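Thanks for coming. I will go through one model this morning, starting with its rings and ending with its salt bridges. Please have a look at it first.

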Amino acid sequence: MKKVITYGTYDLLHVGHINLLRRAKELGDYLIVVLSTDEFNAIKHKTAYHPYEARKTIVEAIRYVDEVLPEYNWEQKIKDVVDNQVDVFVMGDDWEGQFDFLKEYCEVVYLPRTEGISTTKIKSDLNAGK
């Protein structure tokens, strides 16, 4: 079985998230999503609309996702890859090169983002009253 892993907050779920998860799943047989905890988001100075448990429930319901794990810190990625016997690490291409250190442990793939949509854009549009 070929395992794929990806990371994110997955707040305000949108078509870009679904496209990324679908394409990630196409790279293997089993997709693990490591979801930022509320505590980790606070360290990153990010605020999610939905708390971790709600985001976890939402992501678990997506048909492409086989397992959801918590992300507590930046440093856990190597351990996650090794402990879960991951074959492919996937991130959006806006992170290009940032996770190349994982190439020692698995294949690293950066997928193009869906143009015109992002959680940041949704939050900005909502704040602007659009």
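Start with a definition: rings of Phe, Tyr and Trp (for Trp, its six-membered ring) count as a pair if their centres lie within 6.5 Å, and the pair is stacked when the planes are under 30 degrees apart, edge-to-face when over 60, and tilted for the rest. Before I use it, two notes on where things come from. This is a predicted model, in which local features need pLDDT of at least 70 and side-chain atom pairs count only at pLDDT 80 or more, while totals for chains, interfaces and linings use all residues. Residues are numbered from 1 along each chain as its sequence is written, and side-chain values use heavy atoms, with hydrogens and water left out.

So, how many aromatic pairs does a search of the whole structure find? The search gives six. One of them is F40 with W74, an edge-to-face pair with 5.2 Å from centre to centre and 80° between the planes. F40 belongs to helix 2 (residues 38-43) and W74 to the loop between strand 3 and helix 4, so this pair ties together parts that are 34 residues apart in sequence.

Buried is under 20% relative accessible area, exposed is over 50%, and partly exposed is in between, using a 1.4 Å probe and protein chains only. F40 has 1% relative accessibility and therefore counts as buried. W74, at 39%, counts as partly exposed.

Next, F89 and F99. Their ring centres are 5.2 Å apart and their planes are at 50°, so the pair is tilted. F89 is in strand 4 and F99 in the loop between strand 4 and strand 5, so the parts tied together here are 10 residues apart in sequence. F89 is buried at 0% relative accessibility, and F99 is buried too, at 5%.

Y7 brings in a charge. A charge sits over a ring if NZ of Lys or CZ of Arg is within 6 Å of the ring centre and within 35 degrees of the ring normal. The charged end of K77 sits over the ring of Y7, 4.5 Å from its centre. K3 does this with Y30, at 5.6 Å from the ring centre.

A salt bridge is a side-chain nitrogen of Lys or Arg within 4 Å of a carboxyl oxygen of Asp or Glu. By that rule there are eight. K77 and E71 form one, 2.8 Å from N to O, and both residues are buried.

Where does Q76 lie? Q76 is in the loop between strand 3 (67-71) and helix 4 (77-83). At 10% relative accessibility, Q76 counts as buried. Contact means heavy atoms within 4.5 Å; leaving aside neighbours within four places in sequence, Q76 is in contact with V34, P70 and E71.

Now helix 1. Is helix 1 mostly covered or mostly open? Mostly covered, with eight of its 11 residues buried. Those are G16, H17, N19, L20, L21, R23, A24 and K25. K25 is buried at 18%, and its side chain meets D66 in a salt bridge, 2.7 Å from N to O. That pair links distant parts of the chain, 41 residues apart: K25 in helix 1, and D66 in the loop between helix 3 and strand 3. D66 is partly exposed at 35%.

Another salt bridge joins E26 and R22, with the closest N and O atoms 3.4 Å apart. E26 counts as exposed at 56%, whereas R22 is partly exposed at 27%.

Last, the cores. A nonpolar core is a set of buried Ala, Val, Leu, Ile, Met, Phe, Trp, Tyr and Cys residues joined through side-chain atoms within 4.5 Å. The largest has 18 residues, and Y10, L21, L31, V33, V59, V65 and V90 touch the most other members. Helix 1 (15-25), strand 2 (30-36), helix 3 (52-60), strand 4 (88-92) and strand 5 (107-111) each give two or more residues to this core. A second, separate core has 14 residues, including V34, V81, F89 and Y110.

Notes
Helices (H or I, at least four residues) and strands (E, at least two) are DSSP runs, numbered from the N terminus.
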